[in-house]
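Subject: Handover of a structure for your review

Dear colleague,

Please find below the structure I am handing over to you. My findings follow it, and I would be grateful if you would read them alongside the coordinates.

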Amino acid sequence: MAPYSGAGTGGGAEEWENPFVRWMRTPRPKARPGIWRYGHVPRPDDEADRISDRQLLGGAVLALLSGLLVWSLCWNGVIGIWLWPFDWITLDAWRGSGPMVVAGYVYYGLFILLLAYVFGRIGRWREVWTRFLEPVLSSPEPDRNQGDAEAEDPVAWPELRAAGLVGEAEVLGGAARGGGMNDVDLVRIARAWESVRARPERLTAFAGSVRRDGPAACPHPSGLRDIGSRAHRHDLVTGQVRIGAAPDDKRNPHAYRGGGIALEAGVLGTGLLAVGPAGNVVGDRVTGPVAELLCLQALTGQAAVVVVGAPDAPLGGDDAYDVVIRIADPSSQHDLDLYGGTADPDEAAALLAEALLGGDQADWAHGRPAVTALGQLIGAYQSAYGFFPGIAELRGLLDGDRTALAALRRDCAAVAQGALDGADAVAAHGAVAALRELDARERQLSRPGDIGALLADRLAVLDRPVFARFFDPRGRGRQFSMRAIEHPMRVRIVLPERTHAEASRVLARLLLAQFTATAPARSDRSRFAALVLDDAARTASPESVRALGRLRAAHAGVVLGLRGLDDVAEPVRGPLLAAVGCRMALTGVSTWDGRHFAEAWGAEWVEAEDVTHVPDVSGGLIRRLLRWVRQVFTGTKAMSRSVTVRTVERERWSASELANTLPPGHAVLSVTTVEGERTPPVLVDLHH
């Protein structure tokens with residue numbers, strides 16, 4: 001798919017020959033959240049009560065003919081009452097004189113205006129004028145002068161011209177007209193210019209880069225200006241990816257009907273949960289488009305993204321990413337940091353505890369003891385060797401391996417003694433504290449129900465030969481740490497979900513915990529950070545759900561794909577739906593899943609009509625006789641119809657509607673912006 005698409009608005013031969021120029025000049029009006037803004041035409045506010053064109057024109061013509069008929073009857077004397085007011089207000093002395101003639105014509109004119117007003121109101125002539133005649137007869141806007149055109153034409157780069165960078169604006173404008181620029185270049189350079197406005201000392205470097213490199217100025221660290229191929233429709237000026245269109249359905253809000261539906265960072269920052277069990281529709285229609293959008297925005301410097309999924313997930317090719325980590329694949333050129341780049345043993349322990357115990361509701365009560373036990377061992381290991389333990393070492397320590405514990409104690413004591421000999425009080429204090437924590441851990445090993453055995457069992461799924469070359473605690477080789485999202489990174493992590501399903505779930509929880517801990521701690525939050533989990537089964541826990549709420553203020557968001565809410569423990573299903581601002585139910589959800597969405601979307605006040613039919617017993621003898629004859633011949637009684645209109649509260653989308661009436665390839669979506677603006681659920685056709 002081309003990097004830009006859509007119809008332009010006007011223009012001469014140059015615009016028709018250059019689709020990129022048309023794309024730049026296409027209007028993008030402000031719209032409600034979730035509406036595709038590229039070329040969007042807002043729907044008139046009064047269109048909810050709009051009558052059809054045929055009905056409007058027919059009524060106008062009928063009113064005109066009726067008015068002419070009334071005037072004809074009056075003029076020909078059939079209706080004489082219309083002249084009575086004229087006789088009352090004129091003097092008898094005027095009869096047969098000039099003033100009488102003048103007064104007569106004035107009266108005729110006023111009466112014709114009265115008829116036109118009355119029948120014009122009946123026939124809605126004003127609406128006919130507004131809808132049909134005014135657009136045709138309205139004069140075109142006068143041509144603007146060249147200076148005004150350049151001031152508003154994005155191809156001329158008016159911001160640079162206003163700052164005195166006329167030569168640089170000519171370079172970029174020429175590249176746009178000549179086809180040497182794409183949408184990634186446009187947005188990347190525009191963002192660089194925004195940084196120059198914030199820090200004027202960068203102006204010289206910016207101008208030099210534009211003069212030297214033209215549209216390739218201010219490059220991404222990879223040097224790339226586009227991803228290999230695009231499967232979805234994007235508008236990087238607004239930062240949107242189109243996922244479908246809202247049908248002209250009465251259940252959809254009026255402003256959304258017939259328009260495109262899109263996702264962007266402004267709504268993804270509140271979190272997105274998409275549930276759809278039908279095949280791989282979540283990846284095809286939701287996580288795939290979002291991942292592609294964020295990869296493009298990373299090339300413009302606006303985003304950093306980590307995409308997690310199975311090898312066959314439709315999340316784009318390897319050429320769309322800077323780093324591709326294929327866990328359990330010997331050919332993988334990159335590794336994953338098990339501890340997320342942290343140097344704090346307590347934080348590392350909390351991340352690991354969430355990954356190991358967060359997937360099972362029965363293990364949630366052991367969270368605090370697990371963090372304590374892991375912190376004791378990780379801290380002691382770091383004090384002894386200067387780095388965190390690997391999978392095999394940590395499993396042995398948790399399992400109570402006496403040989404490993406004795407060696408760790410011996411090395412910690414040696415570090416403490418060496419620090420004392422070197423008069424390093426800080427290092428000595430740390431080593432002594434590590435020995436004290438190690439003593440506490442050994443005492444806990446002898447107690448029944450010690451948490452160490454449970455943690456060792458959970459960790460065993462990662463202690464396999466296929467994972468031996470991964471998770472190197474010393475960081476040797478090309479290792480990715482979650483703290484790299486400070487930069488505009490594009491990272492794809494491939495999990496072995498088919499061959500090592502449980503290990504994949506542990507790693508998915510680990511990555512979610514690392515992201516929710518790292519994203520709020522970034523020093524530069526101007527860049528949107530996102531984690532896309534194509535399959536987020538068994539990743540939600542009370543701690544992770546609470547962490548999702550902290551991302552909104554950190555300019556970060558998480559996209560979670562689920563095949564069903566059964567993959568989420570019952571106690572956190574409701575809190576998870578409440579924690580995310582964007583909820584999406586796709587075709588095929590069950591009634592039980594639909595119930596949770598229906599509760600999350602709430603109810604609204606609607607007008608309901610109750611129609612009752614009762615036997616007609618009104619009228620006199622003749623009317624009753626006619627009803628009796630009708631009943632004899634037709635076999636049915638005459639009924640009277642009674643309509644009662646009530647205002648009632650109904651669910652916006654019921655569980656039954658979501659489960660049974662959603663057409664194939666459709667979804668119901670509601671979004672919330674980071675500013676707090678909410679939209680009601682919208683029916684979306686994902687094929688458009």
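**Helix packing and local backbone**

Helix 14 passes helix 15 in a right-handed crossing, a term used when the near helix is turned clockwise from the far one by less than a right angle. This is a predicted model, in which local features need pLDDT of at least 70 and side-chain atom pairs count only at pLDDT 80 or more, while totals for chains, interfaces and linings use all residues. Residues are numbered from 1 along each chain as its sequence is written, and side-chain values use heavy atoms, with hydrogens and water left out. Helices (DSSP runs of H or I, at least four residues) and strands (E, at least two) are numbered from the N terminus.

The axes of helix 14 (residues 345-357) and helix 15 (residues 367-385) come within 8 Å and cross at roughly 135°. Helix 14 is therefore oblique to helix 15; angles under 35 degrees count as roughly parallel, over 145 as roughly antiparallel, 65 to 115 as roughly perpendicular and the rest as oblique. Axes are lines fitted to C-alpha atoms, for helices over the stretch in contact, and angles run from 0 to 180 degrees between N-to-C directions.

Leu357 lies in helix 14 and is buried, with a relative accessible area of 3%. Buried means under 20% relative accessible area, exposed over 50% and partly exposed in between (1.4 Å probe, protein chains only). Leaving aside neighbours within four places in sequence, the contacts of Leu357 include Trp364, Ala370, Leu455 and Arg458.

In helix 19 (residues 451-459), the buried residues are Ile451, Gly452, Leu455, Ala456 and Leu459. They lie on the same side of helix 19, because they cover an arc of only 135° around the axis; the arc is that of the directions from the helix axis to the C-beta atoms. These buried residues pack against helix 14, helix 15, helix 16 (391-398) and helix 18 (425-445).

Two backbone values also deserve mention. Most residues other than glycine have a negative phi. Ala328, however, has a positive phi of about 70°; Ala328 lies in the loop between strand 6 (323-326) and strand 7 (335-336) and counts as buried at 16% relative accessibility. Arg538 has a positive phi of about 60°, and is partly exposed at 32%.

Yours sincerely

Methods. Contact = heavy atoms within 4.5 Å.
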